[in-house]
Structures are given as structure tokens and as C-alpha cells.
Amino acid sequence: MIKNSRLIAFETLYKIFYEGSYSNIVLDSAIENITEDKAFISALVYGVCERCITLDYFIDKYIGDMRLKPKIRVILRLGAYQLLYMDKIPARAAINESVKLAKEIKQNYYTKLINAVLHKIDEDREIPDDLHIKYSVPRNLINMWIKQYGKENVEAFLPCVNGRPPVFAVANRLYLDEEELLYELMCDDIYGEVCNHTVSIKSRFDLKKSKAFKNGLFYIEDLSSYECAKALNAKPGETVLDMCSAPGGKAFGIAQDMKNSGTIYCFDLYEQRLNLINEGAERLGIDIIKTKVNDACVYNENIVCADKILCDVVCSGFGIIRRKPEIRYKELDSVKSLPEIQLNILTTSSKYLKKGGTIVYSTCTLNKKENENVVKAFLNENKDFILKEEKTVFPSENGGDGFYYAVMTKNENGY
């Protein structure tokens, strides 16, 4: 039996909300073997995930004190999302298909409720001017951001945390530059524009199916991550360590800065993640990358001393919620232990750095406890290191994700 698209979206969302599945993994699995409606299913899944608080505001407004079964809430979220955010779907279709979905999963008892609630939402549609509800971001996360970055900054970037994130193709400079890549992509009917030495993709297309990708002419990397790798300022012939490397995008950029001359050691906890780096390097024609399994928290005497080190640590991910929308719903208490782990990784990694060398600490989160505070704690305990640059990037409509990096050098007289 072939499942309809809304049923696939329903099953995927149920796994995300009530079984703790990751949106990208469970969605990829759900649509892997289907040929039609992939874009529609993806739009439903990611849309409901990112707009969940707004959708629940409307649902709860019309169910009163009733306690909904999880399956019914997911159906109502799907219906409400179509009504509020998918203009091309007629309201009647959004409501009727939600009722049909309830029958399909044998929840006939609730069809009248679903029909009534969605009709009420269709008549209402007025989203309150409350940051929490308007942008579907938990109040505690918004409050933390306002406290750390100021209300003006937060109000400026909140409109950019929902919707389709920008996609950037980074030219493989071993073969061509961004202008030449733009031409090659146009030959594949993929259109974009040059943006900060990358190509910002404007057309909807599976880039990995393009000839240019298969021929190793580019890799896909967020603009903020690309700029972080550039900040390392790696040179040809140097030895570089990428401590938490997978899937390897920053290492690919570093290799190009080094003109494929020298050595980059890419480490990760898991062999299968290192395979992603090896596959990418082979496709791009990069042969200076060596991958090894390693725990970045534990000093490894077998790791060589390096000229440059990239320390892109595990983090809460609050800077990339437009790519992984369920991250926004993390309890802040669940990430309290991260700064200690991050400081440990940075401190351990710094022991491999040569005198006069450079280390870059980075995260894809917006949380000063994981960013500035970790760097400050490290510098307080390591007086032979000097902070050269510190940068926080907020999400923007056509720019990179939320990101932080700090560039530090080790004093020539350091140990």
C-alpha cells in the first residue's frame, strides 16, 4: 500500500515529537524510497517543527481544557500549519484532508473535533505580536538571548530563524573560483549569485545530483562555517589539526587555503563519520587529509604538534535552529554541562599547538556561556595564549547561521 504524503508527514512528526527522533534523519528515511511529493512532505515536517508553538497557541485556544491525545495534536498541527502558512492549499482541502487522516489512522471518534477546531483557526488566523508566539521560539530561549545580546539584536534576527535556510556552494579552488562555479552551475540549470566568495543558491535543486558536484567542483557549507575556516588562516605546507571534524566542510576549506600542500589531521569519535570526510576529500581531489578516531576530551600523546588547530566543539546548536528546528525546544538545563566539556576540549587541544601557532575555537550556537565565557576561562588559565579576534554572527535572511568563533595565538615564549 502506497502511503499518501500527509500520512508520511504525520508519522514522521510523531516520531520527532513523541519518540525523540532527529528531524533530518527520520525525514530522510521516510522519503528515501518515494518519487513524488518529497518537497511537500519536507515542507510539512520542517514547517510544523519550526512553528509548533504558534500552532499550539491556536489549537489550545479552541480546545479549552481538553487533554488531546498525541496523535490528534499532531494531526491538528498539520492542519493548522497548512491553513496558516501554506497559501497554495485551499482551506477546505487542509481541513478535509486532516479529517481523512484521522480516519486513516483509526481515530474516527475525533473527526468532528478536528473539523471544528480547524474551522475556528481558519476564521481566526491572527497571530499575536508576541515574540514567543510570532516566531515560535520558547520564552526561556528568547529571554536568554535578550539578556546576552540585547533586545534590538534579537528582534532583528528572530524573523530569520524560520523558513527555508540559504544554501551556499563553495567553489573547489583547486580547480576554479566562485565566478567560474556560478557558470558551471548554470549549465546544470542551477541559479545563484556570488556571495562572500561563495555561491548563494537561488533555485530549488538537489545539488548533489548536479554534474558540478559529482565532478568535485564544489562542496556545500554554511557561510558562517566557511568564514570560520578562513579565520584559521592556514598556509601551504603547514600541519593542521581539526579536532571535531565530521562531516568535514571546514577541513575542505582549510585544505584549499593550503593549496593541497601540507597535512590536515581530521579527528572524530566515530569511524563512520570519518568516512564522510574521506568520501568528500576524494570527490574534491584533496589528498592532504588524514582521518583518525580520537576523543577530543582526552590528551593523546600520539597526536603531532601543529601550526594551526581548529576546535569546532559540540554545542547546543541554538544558532542553527532554522536547519534543525527541534533544537529550539531543548530545555536550557539540558545544555548546562556543555561549557565544561567545551573548555576541556579547548584546553586539551591547545596542548598540541606549537609556539607561535593559532587555534580557533568555534560553535554553531548563540549562548555566551558556551562561547565568550569558555574562551575567557581558557585564557585565564593559559596566560601564554592571546585573543586576536572574536566574532558572533546572527542568522540573517541571505547570510550565514548563528555562529561564534575566537582566534587565539600561542606566545612564542609559551611552553
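Which exposed residues are carried by the face of α7 turned away from its buried side?

Modeller: That face of α7 carries K112 and E123, where exposed means a relative accessible area over 50%, buried means under 20%, and partly exposed lies in between, with a 1.4 Å probe and protein chains only. Before going further, please keep in mind that this is a predicted model, in which local features need pLDDT of at least 70 and side-chain atom pairs count only at pLDDT 80 or more, while totals for chains, interfaces and linings use all residues. Residues are numbered from 1 along each chain as its sequence is written, and side-chain values use heavy atoms, with hydrogens and water left out.

Helix α7 covers residues 111-124; helices here are DSSP runs of H or I with at least four residues, numbered from the N terminus. From its first C-alpha to its last, this helix of 14 residues reaches 20 Å, close to the expected 20 Å, a span defined as 1.5 Å times one less than the number of residues.

On the buried side of α7 you will find T111, L113, I114, V117, L118 and I121. Seen down the axis of α7, these buried residues fall within an arc of 155°, so they line one face of the helix; the arc is taken from the directions that run from the helix axis to the C-beta atoms. Their cover includes α4 (52-63), α5 (70-85) and α6 (91-104), judged by contact, which means heavy atoms within 4.5 Å. Just after α7 comes R125, with a positive phi of about 65°.

Q82 is buried, with a relative accessible area of 1%. Leaving aside residues up to four places away in sequence, Q82 touches R6, L44, I89 and A94. With R6 there is also a side-chain polar contact of 2.9 Å, that is, a pair of N or O atoms within 3.5 Å, of which, within protein, one must be able to donate a hydrogen and the other to accept it, while residues adjacent in sequence count only if both atoms are side-chain atoms.

R6 in turn is among the buried residues of α1, and its backbone nitrogen lies 3.1 Å from a side-chain oxygen of N4, the residue that caps the N-terminal end of α1.

Notes. Helices (H or I, at least four residues) and strands (E, at least two) are DSSP runs, numbered from the N terminus.
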